[in-house]
Amino acid sequence: MKLRKNAAAISAALLSLFAAESYASQIYPVDQARFMTNARFDFKIELDQKIERKDLVVEINGQDYKKTLNGTEIWIPREIDAEGSALILRNVEIKKPGDYKVTVRSPEGEMTARWNLYTTPRKAVAKNVILLIGDGLSVGHRTAARIMSKGVHNGMYNAPLAMDDMPHMALLGTSSVDTIAADSANTASAYFTGHKSSVNALGVYADRTKASQDDPRQETLSELLRRKTKKSIGIVTDAEIEDATPAAAVAHTRRRADKADIVGMFYAVQPDVIMGGGSAYFLPQSTPGSKRKDDLNYIRKFGDAGYKLVTNRTDMKAAVNGATPDKLLGLFHSGNMDGWIDRHQWKGNTVEKFPDQPDLTESFDAAVKVLSKNKDGFFLMLEAGLIDKFSHPLDWTRSVGETIALDKVVEHAKEYCRTHPDTLLIVTGDHTHSISVAGTVDTELPRDDTREEVGVYADAGYPNYEDQDKDGFPDNFLPSKRLAVFFGAHPDYYETYGTNPDATFNPTVKNEKGEYVADEQNQSVPGAHFVAGNLPRNESQGVHTVDDLIVTAQGPNAREIKGFMNSTEIFRVMAEALALGH
């Protein structure tokens, strides 16, 4: 009996030890990090226990770590929000490529992290880099967009999408430090820093402290370009400019919701072109509609910094068709902009309030016109953010409309590359959604149950979308025989096999228990039927999935886009093209 009790005590002690080590003791950058020489980062060691500095040994490749990392050490005997000690070096860099092993020895024991540092050519092979990101862009989005935009005849697509017809292609993995299922913050951050991060984190490794902006930083591509080149920088989106993907260009926070502070981070870096929605975070709290909690007026601050402000499509076109400004700030909506279908066909959502919003193609053309003034070249990131914004609420029609809108931008970008072959063009998403095309829905079938209008296999046939004006968009996104598209990761909802032209589909409402249940208003749509969810009841919408992304590319160094890649390698390909590692 005594032996059994001792064994149980030992087992409990071991479990406690392992739990403590996995929770707190950590080295940043993390184990298996692969990043670029001369890109700056914060080095941090977190210990589970409070110890004396003299009892800590930190080595890199068997030598005192200060022989590799220069900087002022910050020693914290007991870190706030934690029981243990911490060591921090801010803003350091490693100049020599190779493999590095970090070894930390303390009274807790030993832990290690292995890093691989790569360098880049000394001479840039690209003058410009254009990165086009479809937020949430999945294979299903591309397939549906190709069918609806180009059409199919006798099993053959009439034409590929512009994003399909590029010479280099790869699969891209998107998992983050803390989970296989990532969000836009850490996925976009991987593109901009070459480091992995955690859910909701931008430009940092998420540490154990509660403060959102003191975490170990990773230098962004925008900051590298400002520090090491004379190139111009452009950030364009149809979401809020402070949203995760565009924010990844400049931000350092483990809380993507720090949108008011992210505006300040944009101001610190000052990209030459900033365009999208989200004006509510630029305005002082005294302004109606402001989402700030202070009196900072970033409209005025950016104006004083030399930016030309435009707030609609008409003003934007006028600004670049005259004496093109050196800096352009376009804020076209207080929140996320409206989608292509709403602006051009249905006039739903907030189009009536914001009737003169530009298309993404128009924003792209305006941005390139401003950025091309710089003889040293430019970097431009454009995000089609609404693909994701409409995929979450299961509004696939609007989401696919945005996929076609992105493809029209790819057409414009490829045309620019045709006359500027020194431009690297990369097109990808940041993560995926569980969207799939299953067949068609034929509303002309004499059926009482809409579900029976779904055709699969031989019964699917072909949808009857038409594009009489040849603009690449269906003239009617709700023809009598349309695509049957479904999501694999979703809450409870009522399937209507159609869409709501007045506003984005809303699948759920919250019940008295605080759970999300199917919105019964959708039950009143003729033929609608209940679909049981497969997500926890605290999820109100569809979620991101772990499926691989497709990335396509052309131009200088695009040959490096091949096989299976990790998301951080997109940073490497761009950095190599621009020779940023020296």
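Modeller: In this predicted model, the second largest cavity is lined by Trp396, Thr397, Val441, Leu478, Arg482, Leu483, Ala484, Val485, Phe486, Glu495, Tyr497 and Gly498. The elements that each give two or more residues to that lining are H12 and E23, and of these E23 gives the most, with five residues.

Rolling a probe the size of a water molecule over the atoms shows where empty space is left. Helix H12 (396-419), strand E23 (481-487) and strand E24 (493-495) are the elements that give two or more residues to its lining, which divides into eight nonpolar, five polar and two charged residues.

Side chains of opposite charge can pair when their charged atoms come close. Within helix H12, Arg418 and Glu415 lie three residues apart, about one turn of the helix, and their side chains meet in a salt bridge with an N to O distance of 2.7 Å. Arg418 counts as exposed, at 58% relative accessibility, while Glu415 is partly exposed, with a relative accessible area of 40%.

The structure holds 40 salt bridges, and Glu79 takes part in a pairing with Lys44, again with 2.7 Å from N to O. This pair links distant parts of the chain, since Glu79 sits in the loop between strand E6 (73-76) and strand E7 (86-92), and Lys44 in strand E3 (residues 41-46), 35 residues apart. Glu79 has a relative accessible area of 5%, and because buried means under 20%, Glu79 counts as buried; Lys44, at 2% relative accessibility, is buried as well. Glu79 also forms a salt bridge with Arg208, where the closest N and O atoms are 2.8 Å apart. Because Glu79 lies in the loop between E6 and E7 and Arg208 in the loop between helix H3 (184-193) and helix H4 (221-228), the pair ties together parts that are 129 residues apart in sequence. Arg208 counts as buried, at 14% relative accessibility.

Technical notes
Residues numbered from 1 in each chain as written. Predicted model: local features only at pLDDT ≥ 70, side-chain atom pairs only at ≥ 80, totals over all residues. Heavy atoms only, no water. Helix = DSSP H or I, 4+ residues; strand = E, 2+ residues; numbered from the N terminus. Nonpolar A, V, L, I, M, F, W, Y, C, P; charged D, E, K, R; others polar. 1 Å grid on protein atoms, 1.4 Å probe; cavity = no way out; pocket = protein on both sides within 12 Å on 5 of 7 lines; lining within 4 Å. Salt bridge = Lys/Arg side-chain N within 4 Å of Asp/Glu carboxyl O. Buried < 20%, exposed > 50% of the residue type's maximum accessible area, 1.4 Å probe, protein only.
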